[in-house]
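Hello,

Here is the structure I promised to pass on to you. Have a look at it first, and then read on for what turned up.

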Amino acid sequence: KQTSAGTPFFQESVYPGGSAALYEYLDKNIQYPASAFVYNVQGVVVLQFRVTKEGTTQDLAIIQPVDPAFDKEAYRVVSGMRPWEPARIGGIPVDTYKRLPIPFKQ
């Protein structure tokens, strides 16, 4: 649905620079745990967090764990992200929840 100005009534929260910038940040910052490398462990950790109306990430939780080393690394990297652009309803910033899958592959 569009407002009269042509902007969407609901705008989802986004990482600054969009998905490409988000995955570039993850690629640069994730360190593959040595123990997982040795034992050839792979998987996708899924995290859920709240993007506040101020753009900060809070209430970070691992909702699909894989391996303690992966879970810890995914948590570390996501908790270090810079602020997001908050979601907006009718132009007003609001809190939203995000789910972010983080793949660990050798």
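A word on terms before the details: strands here are DSSP runs of E covering at least two residues, numbered from the N terminus. Please also keep in mind that this is a predicted model.

By that definition, phenylalanine 10 belongs to strand S1, which spans residues 10-11. Phenylalanine 10 counts as partly exposed because its relative accessibility is 41%. Together with Phe9 and Ile89, Phe10 makes up a nonpolar patch on the surface, and the three share about 270 Å² of accessible area.

Next, strand S2. Of the nine residues in S2 (residues 43-51), seven are buried, so the strand is largely enclosed by the rest of the structure. S2 runs antiparallel to S6, with nine bridges joining the two, and leucine 47 sits opposite leucine 100 of S6. S2 is also antiparallel to S3 (residues 57-64), this time through five bridges; here valine 46 faces glutamine 64. Five residues separate S2 and S3 in a hairpin, and glycine 55 in its turn has a positive phi of about 100°.

Finally, arginine 99, which lies in strand S6 (residues 96-104). Is arginine 99 buried or exposed? Its relative accessible area is 61%, so arginine 99 is exposed. Leaving aside residues up to four places away in sequence, arginine 99 touches Leu47, Gln48 and Ile63. With glutamine 48 there is a polar contact between the two side chains, at 3.2 Å.

Best wishes

Notes
Residues are numbered from 1 along each chain as its sequence is written. This is a predicted model: local features need pLDDT of at least 70, side-chain atom pairs count only at pLDDT 80 or more; totals for chains, interfaces and linings use all residues. Side-chain values use heavy atoms; hydrogens and water are left out. Patches are made of residues with over 30% relative accessible area and no salt bridge: like charges are joined within 9 Å, nonpolar side chains (Val, Leu, Ile, Met, Phe, Trp, Tyr) within 5 Å. Accessible areas come from the Shrake-Rupley method with a 1.4 Å probe; for residues, only the protein chains shown count as cover. A salt bridge is a side-chain nitrogen of Lys or Arg within 4 Å of a carboxyl oxygen of Asp or Glu. Helices (H or I, at least four residues) and strands (E, at least two) are DSSP runs, numbered from the N terminus. Buried means under 20% relative accessible area, exposed over 50%, partly exposed in between (1.4 Å probe, protein chains only). Contact means heavy atoms within 4.5 Å. A polar contact is a pair of N or O atoms within 3.5 Å; within protein, one must be able to donate a hydrogen and the other to accept it, and residues adjacent in sequence count only if both atoms are side-chain atoms. Two strands pair if DSSP finds at least two bridges between them.
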